[in-house]
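Reader: I am new to this structure and would like to learn how to read its features one at a time. Could you show me the chain and then take me through it?

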Amino acid sequence: MRSIWNGSISFGLVTIPVKTYSATDRTSSVSFVRIHEKDGAQIQYRKICELDGEEVPNEEVGKGYQTPGDDTIVPITDDDLSRLPMPTAKTLSILSFTDPDEIDPLQMDKAYYLGPNGAAATKPYALLREALEDHRKVAIGKVAMRGRESLAMLRAHDGALVMHTLLWPDQIRPVTGVAPDDVELRENELTLAETLMDSLGELDPAELHDDYREAVEELVAAKLEGEPVAPAASGTSGAQVIDLTAALEKSVRAARGGGEADAEAESASVTPIRGRKTAKKGEAERGAAKKSGTAARKSTEKKTAPVAAKKAPAKKTAAAPKAAGGRTKGTSTARKTASAGTSQKSTASKTTSKSTSKSTTSKSTAKKATAKKTAAKQTAAAKTGKRSSA
């Protein structure tokens with residue numbers, strides 16, 4: 001970084017030699033040159049004397065002072081200026097220390113970094129910097145740079161000393177006639193404005209960039225490549241606000257939700273239709289249960305079909321005891337088992353086993369009853385035969 005001015009800081013009886021560096025860079029901002037529209041050639045600026053109309057070289061250009069309200073110009077040479085009583089010509093003389101809030105930002109002009117000039121200036125430079133940081137003060141003084149004297153503010157910043165040239169108080173114009181008078185504000189409007197301020201949060205310097213410069217660079221690149229220039233998007237005017245309260249509420253929602261679309265979606269709330277989703281869900285569950293029941297029934301019928309075929313003879317065999325007057329439970333149990341086609345496999349197997357056991361018992365009982373009747377008939381026939389012989 002190249003130094004643009006060498007001087008010293010006068011701090012009481014302490015003198016600190018410093019070098020001055022420009023703290024800002026305006027070369028990155030958009031700048032245009034003037035051209036002749038007919039042929040595109042750049043227009044040159046020449047120093048022309050008003051008396052003879054001839055161009056004046058730079059070595060013949062001097063200074064002059066024009067008195068206010070008069071066309072008289074008084075020539076001033078560098079030798080004249082060097083003899084003026086200006087103690088701040090090469091020195092920043094500190095006059096006082098004050099709080100940073102006492103300085104009106106309107107007085108801020110240009111900013112410069114100050115660095116120690118030589119090894120002997122390192123310690124007093126660091127001493128003044130630490131004193132400003134610990135005391136949380138800024139130094140106010142006067143300095144003469146580039147042929148004029150200015151007010152200056154000195155502060156500590158990021159391990160260095162920064163000097164801001166300030167405008168004189170009479171260079172600040174009054175605000176008379178600019179601000180409106182007697183504006184009535186409601187309490188909720190002020191509250192919403194403060195809420196919006198809190199919702200926007202802190203500013204990240206890394207996100208700040210010159211959108212206009214980028215647009216100009218894209219425009220130049222498109223013209224160099226012969227591509228058509230895209231039309232600019234039409235923006236909405238900020239003067240179309242109708243309801244201040246509604247605009248503040250929408251701004252707060254947008255700041256909290258992350259965008260204007262979220263704010264519009266939140267302001268246009270939609271009530272969901274309750275019951276439709278539940279009804280459809282109930283129909284789906286009933287349909288699934290119905291399908292499950294049908295599948296289970298088909299599976300059970302397939303598995304119990306052989307069992308039913310084996311039970312058919314049991315019904316016919318059980319008819320004989322009933323005709324003979326015997327009462328059994330085999331027929332009733334078999335019928336009940338046959339009608340239970342939708343039961344589970346384990347239940348059907350248990351019922352079939354039980355029915356088969358009871359049917360076997362009924363057959364044994366029927367045989368015993370038939371044998372008793374046959375024996376009784378034979379005994380009766382024998383008695384009748386004896387009576388006939390007698």
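Author: Let us begin with the overall count: the protein chain has nine helices and nine strands, where helices (H or I, at least four residues) and strands (E, at least two) are DSSP runs, numbered from the N terminus. This is a predicted model, in which local features need pLDDT of at least 70 and side-chain atom pairs count only at pLDDT 80 or more, while totals for chains, interfaces and linings use all residues. Residues are numbered from 1 along each chain as its sequence is written, and side-chain values use heavy atoms, with hydrogens and water left out.

Reader: How many residues does the protein chain have, and what percentage of them count as buried?

Author: A residue is called buried under 20% relative accessible area, exposed over 50%, and partly exposed in between, with a 1.4 Å probe and protein chains only. Here, of the 390 residues of the protein chain, 17% count as buried.

Reader: How do strands come together, and in what order do the strands of the barrel follow one another?

Author: Strands of a sheet pair through backbone hydrogen bonds, either parallel or antiparallel. Two strands are taken to pair if DSSP finds at least two bridges between them. In this model seven strands close into a barrel in the order β1-β2-β6-β9-β8-β7-β5, and the pairing is mixed. The twist from one strand to the next averages 40°, the axes being lines fitted to C-alpha atoms, for helices over the stretch in contact, with angles that run from 0 to 180 degrees between N-to-C directions.

Reader: Which strands pair with β9 in the antiparallel sense?

Author: One partner is β6, which pairs with β9 in the antiparallel sense over five bridges, and there L114 stands opposite L161 of β9. Another is β8, antiparallel to β9 over seven bridges, where R155 stands opposite V162 and A152 has T165 as its bridge partner. The hairpin of β8 and β9 has two residues between the strands, and in this hairpin D158 takes a positive phi near 55°. As for burial, β9 is mostly covered, since six of its seven residues are buried.

Reader: Which residues have the most contacts inside the largest nonpolar core?

Author: A nonpolar core is a set of buried Ala, Val, Leu, Ile, Met, Phe, Trp, Tyr and Cys residues joined through side-chain atoms within 4.5 Å. The largest one has 19 residues, and those with the most contacts inside it are I9, L92, L114, L128, L154, L161 and M163. At least two residues of this core come from each of β1 (5–11), β2 (14–22), β5 (91–98), β6 (108–116), α2, β7, β8 (148–157) and β9. Another core, of six residues, lies apart from it and includes I140, L151, M153 and L166.

Reader: Which residues is I9 in contact with, leaving aside its neighbours within four places in sequence?

Author: Contact means heavy atoms within 4.5 Å. With those neighbours left aside, I9 is in contact with residues including V14, I16, L92, L114, L128, L154 and L161.

Reader: Is Q107 buried or exposed?

Author: Q107 is buried, with a relative accessible area of 15%, and is found in the loop between β5 and β6. Leaving aside neighbours within four places in sequence, Q107 is in contact with L151, T165, L166, L167, P169 and I172.

Reader: Where are the residues R136 and D182, and what is phi for R136 and for D182?

Author: R136, in the loop between α2 (122–135) and β7 (138–145), has a phi near 55°, a positive value in a residue other than glycine. D182, in the loop between β9 (160–166) and α3 (187–200), has a positive phi of about 55° although it is not a glycine. R136 is exposed, with a relative accessible area of 67%, and D182 is exposed too, at 81%.

Reader: How many residues does helix α4 have, and what lies at its start?

Author: The expected span of a helix is 1.5 Å times one less than its number of residues. Helix α4 (residues 211–224) has 14 residues and reaches 20 Å from its first C-alpha to its last, close to the 20 Å expected. At the start of α4, a side-chain oxygen of D210 reaches to within 3.2 Å of the backbone nitrogen of Y212. Just after α4, G226 takes a positive phi of about 75°.

Definitions and conventions: A polar contact is a pair of N or O atoms within 3.5 Å; within protein, one must be able to donate a hydrogen and the other to accept it, and residues adjacent in sequence count only if both atoms are side-chain atoms.
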